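Subject: Structure handover

Hello,

Here is the structure I promised to pass on. Please open it next to this email and follow along.

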Amino acid sequence: MPPGFCFKQLYFATPLKYLIRYPLFTVYDIMPYYQTWEEFARAAEKLYLTDPMKVRVVLKYRHCDGNLCLKVTDDAVCLQYKTDQAQDVKKIEKLHGKLMRLMVSKESHSGAMETD
Amino acid sequence: MVLLENDAFLTELTRLFQKCRTIGSVVITLKKYDGRTKPVPRKGHPETYEPADNKCLVRASDGKTRISTVVSSKEVIKFQMAYSNLLRAHMDGLKKKDKKSKSKKTKAT
């Protein structure tokens, strides 16, 4: 991260040389949040299967604010889902488990997905 | 970044969740890992590492402390069960179903 760069800060304030070197961050500012869990889960699995080595899954939990934010990205496409509902915890934890098992399984045939 | 064994990682993760109950956030990252311990060689240099296909990297942070662990296919079942239980137990600060609580509130008032 370049010194003094902060997501919350308007990125116009960031010196242009850093925006050029790190164009990745401007992409995050305009990536939308999914409205439904089903769409997000489907898109996330699809993204993972296109390139397993590139995709990472990030989960951020804030107990003080009572919200949960999930991000699945391959550094080009970024899928995000935000929630403050307790019923989503189980769904999120299931998706985590599914992706973990996919990552750890020997992918002898691409596009193979475990059915729930 | 502290690399731990699976059990130690889960213990530390519990501690992170407990520490961040009043303020702060817990960030967990999950990524497929091919077992590399050396950097990728430059173009033109021979790639001498055989990538393993059955590992994943789990990282956790509260902004200050960072911990990580490697899960392989042999440990995934046990780890995943413990990990799910941990998440479900600690991510309990979210709102319950609104409709039911609203109707209960109207009945009470």
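Below is what was found, starting with ground rules, then each chain, then the contact between them.

**Ground rules**

This is a predicted model, so local features need pLDDT of at least 70 and side-chain atom pairs count only at pLDDT 80 or more, while totals for chains, interfaces and linings use all residues. Residues are numbered from 1 along each chain as its sequence is written, chains are lettered from A and ligands numbered from 1 in the order in which they are written, and side-chain values use heavy atoms, with hydrogens and water left out.

**Chain A**

Chain A has 4 helices and 3 strands. Helices (H or I, at least four residues) and strands (E, at least two) are DSSP runs, numbered from the N terminus. The order in chain A, from the N terminus on, is α-α-α-β-β-β-α.

Chain A has 116 residues, and 43% of them count as buried. Buried means under 20% relative accessible area, exposed means over 50%, and partly exposed lies in between (1.4 Å probe, protein chains only). Contact means heavy atoms within 4.5 Å. Take the contacts in chain A with a separation of 6 or more: residues 24 or more positions apart account for 48% of them.

Now look at helix α4 of chain A, residues 87-104. α4(A) is mostly covered, with 13 of its 18 residues buried.

A:K91 sits in this helix, α4 of chain A. A:K91 has a relative accessible area of 30%, so this residue is partly exposed. A:E38 is 53 residues away from A:K91 along the chain, yet their C-alpha atoms are separated by 9.6 Å.

**Chain B**

Chain B has 3 helices and 4 strands. Its elements run β-α-β-β-β-α-α from the N terminus on. Of its 109 residues, 36% count as buried. Among contacts in chain B with a separation of 6 or more, 64% come from residues 24 or more positions apart.

Next, salt bridges. A salt bridge is a side-chain nitrogen of Lys or Arg within 4 Å of a carboxyl oxygen of Asp or Glu. The count over all chains comes to 11.

- B:D62 and B:K19 meet in a salt bridge, 3.2 Å from N to O. This pair links distant parts of the chain, 43 residues apart: B:D62 lies in the loop between β3 (55-61) and β4 (66-72), and B:K19 in helix α1 (residues 6-19). B:D62 is at 14% relative accessible area, so B:D62 is buried. B:K19 is at 52%, so B:K19 counts as exposed.
- B:K32 pairs with B:D53 in a salt bridge, with the closest N and O atoms 2.9 Å apart. Again distant parts of the chain are linked, 21 residues apart: B:K32 is in strand β2 (residues 26-33), and B:D53 is in the loop between β2 and β3. B:K32 is buried, because its relative accessible area is 7%. B:D53 is partly exposed at 26%.
- B:D34 and B:R36 also form a salt bridge, at 3.2 Å from N to O. B:D34 counts as buried at 11% relative accessibility. B:R36 counts as partly exposed at 24%.

**Where the chains meet**

The size of an interface is often given as the accessible area lost when the parts come together. How much do chain A and chain B bury between them? About 3200 Å², 64% of it on carbon and sulfur atoms. Buried area is the accessible area (1.4 Å probe) that two parts lose on being put together, summed over both. In chain A, the residues that lose the most area to chain B are A:Y61, A:M100 and A:V104, together 22% of what that side buries. The contact takes 33 residues from chain A and 38 residues from chain B.

The rule finds 2 salt bridges across this interface. One of them joins B:K95 to A:D84, with the closest N and O atoms 2.8 Å apart. On the side of chain A that touches chain B, β1 (56-62), β2 (67-73) and α4 each supply at least two residues. α4(A) gives the most, with 10 residues.

Best wishes

Key
The expected span of a helix is 1.5 Å times one less than its number of residues.
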